[in-house]
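Hello,

Here is the structure I promised to pass on to you. Have a look at it first, and then read on for what I found.

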Amino acid sequence: MFEEYRKCKLCSIIFISAYVAVISLLAAYEDSNFQQRVARENKVRDQLKSSEIDLLHHAVLGPNKSDPCPFVREAAEKFELDALNKEQRQHQLSSKIGRRLMGAAEFRKNFYEDSIPTLPNGVPKVIHQTWWSRKLKEKNVRLSASWFRCMPDWIHVLWDDDDVIELYRDYRPDLLEMMNGYPYGVQRSDMFRYLALYIYGGVYADMDYECVKDISSEDGVGSLSHSVFMSGAPNPLVDGKAQNTLMASTRGHPFWAHVLSVSAEQCGRMYEPELFIRFFVALRLCTLASRVRKFFGWTGISVLSTTGPRMLSQAYETFPAELRGTVKLLEVDIFNGQMDRGAKDGGAASEGEGAIQDLRFACAEKSIHRNSAGWTKNSAFPYTGDHTVFGKRLPHRLIAILIIEVGAVILAGIWCFYCFQNDIQTFFSVHRDRKDQ
């Protein structure tokens, strides 16, 4: 009996050690790749910090005349008619302030929070965008240039990852630990846009957003009846009511303070079912919870719920009713046009009245979310989407680790049964004999 117990104990120790070793090796492998990429990115970011990005060339080319969206083709035709030749278009735009994609350091040095020209409703005429560095793909430059072409008198600023951390260090140092604890770069990008709109106001647009027409009209961000503007969610099943890809605001609006407050709940909305994380969050040991989260980061974290559209939608719904009237959700078919509308996410049947159908191509009247979803690939721990299990959405990678953990429990049970097989058989044999007597 004692010998069997020692054997089982040894087997259990070996099994648990092997399990921890596998998890540790996977996490270490992911972290090693991540650190190498961070080092490369830091080097590139430092080298290009003061590089010039001139949007004039792409702006004078005009919208794509062969785009499947009729609104883009119409804008291309109008652009051709408005100017007689390329030289005149170039001369017309060359002196506009939005020609240069300004760096954040230059912007913060030359423009104070209250010194930026505004629309009649108080929205500052500045367009904020963010990328990991000033190394932009040709497609990104072309899409950024579309905003210059539509709104040439607006200041245009590109913030890189270092600028984002510096902004939080200067204005919200209390949230800096939470920012550094996020495993995904896109989470810091999400948080940047909320603070930038709170401090400076203006328009925020994702790098995969294209401007077709000026959005500062009364039906857009120029509305005199509202102070905050967010794109409505084209896929409410995934995002909720709002999407954070295109937003605008007056400076210092309390809605953004509320958004930052909601984002900081539960140590940065750490709602993962991992027991270690839940335990540390319950004790408000946020630093420790953040480190454990990084260790388990490869399992997947819901970006949408921590910093993205679902969190923003919750903030919108919990914003005081008496102030919610100042917030406007922009019409999806005019200001978003994203292809994904929820048909593949459990929406209504694909046929019949009220059915949800995805678009065949991105299309909207004034601005288009091309939705490249680059954030799902350019991360240390790539987000790969969700599964729906018993009506609850779970990240693929979280399901993976839960399967591993369940498998570990089953294998541990098999080992224990093997170790105590003779004792179990003896127990049932004795129980059977007693019953027969």
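Which helix supplies the largest share of the lining of the second largest pocket? In this predicted model, that helix is α3, with five residues. The pocket has a volume of about 380 Å³, and of its 16 lining residues, Ala75, Lys78, Phe79, Asp82 and Arg149 are the closest to its centre. Helices α3 (70-82), α4 (86-94) and α6 (138-150) each give the lining at least two residues. Sorted by class, the lining has eight nonpolar, seven charged and one polar.

Next, the salt bridges, of which the count is 19. Two of them share Arg370, a residue that is partly exposed at 26% relative accessibility. One joins Asp67 to Arg370, with the closest N and O atoms 2.9 Å apart; the two sit 303 residues apart, Asp67 in the loop between α2 (56-61) and α3, and Arg370 in the loop between β9 (367-369) and β10 (386-389). The other pairs Arg370 with Glu210 at 2.6 Å, and Glu210 belongs to strand β5 (residues 209-211), 160 residues away. Asp67 is buried at 6%, and Glu210 is buried at 3%.

Asp161 and Arg45 form another salt bridge, at 3.7 Å. Asp161 lies in α7 (residues 161-171) and Arg45 in α1 (residues 2-47), so this pair ties together parts 116 residues apart in sequence.

Finally, the surface: Phe279, Leu283, Leu285 and Leu288 make a nonpolar patch with about 370 Å² of accessible area together. Phe279, from helix α13 (residues 275-282), is partly exposed at 48%.

Best wishes

Conventions
Residues are numbered from 1 along each chain as its sequence is written. This is a predicted model: local features need pLDDT of at least 70, side-chain atom pairs count only at pLDDT 80 or more; totals for chains, interfaces and linings use all residues. Side-chain values use heavy atoms; hydrogens and water are left out. On a 1 Å grid over the protein atoms alone, a cavity is a set of points where a 1.4 Å probe fits but cannot get out, and a pocket is an open set with protein on both sides within 12 Å along at least five of seven lines; lining residues have an atom within 4 Å of a point. Grid points are joined across faces, edges and corners, and a volume is the space filled by probe spheres set on the points. Helices (H or I, at least four residues) and strands (E, at least two) are DSSP runs, numbered from the N terminus. Ala, Val, Leu, Ile, Met, Phe, Trp, Tyr, Cys and Pro count as nonpolar, Asp, Glu, Lys and Arg as charged, and the others, Gly among them, as polar. Patches are made of residues with over 30% relative accessible area and no salt bridge: like charges are joined within 9 Å, nonpolar side chains (Val, Leu, Ile, Met, Phe, Trp, Tyr) within 5 Å. Accessible areas come from the Shrake-Rupley method with a 1.4 Å probe; for residues, only the protein chains shown count as cover. A salt bridge is a side-chain nitrogen of Lys or Arg within 4 Å of a carboxyl oxygen of Asp or Glu. Buried means under 20% relative accessible area, exposed over 50%, partly exposed in between (1.4 Å probe, protein chains only).
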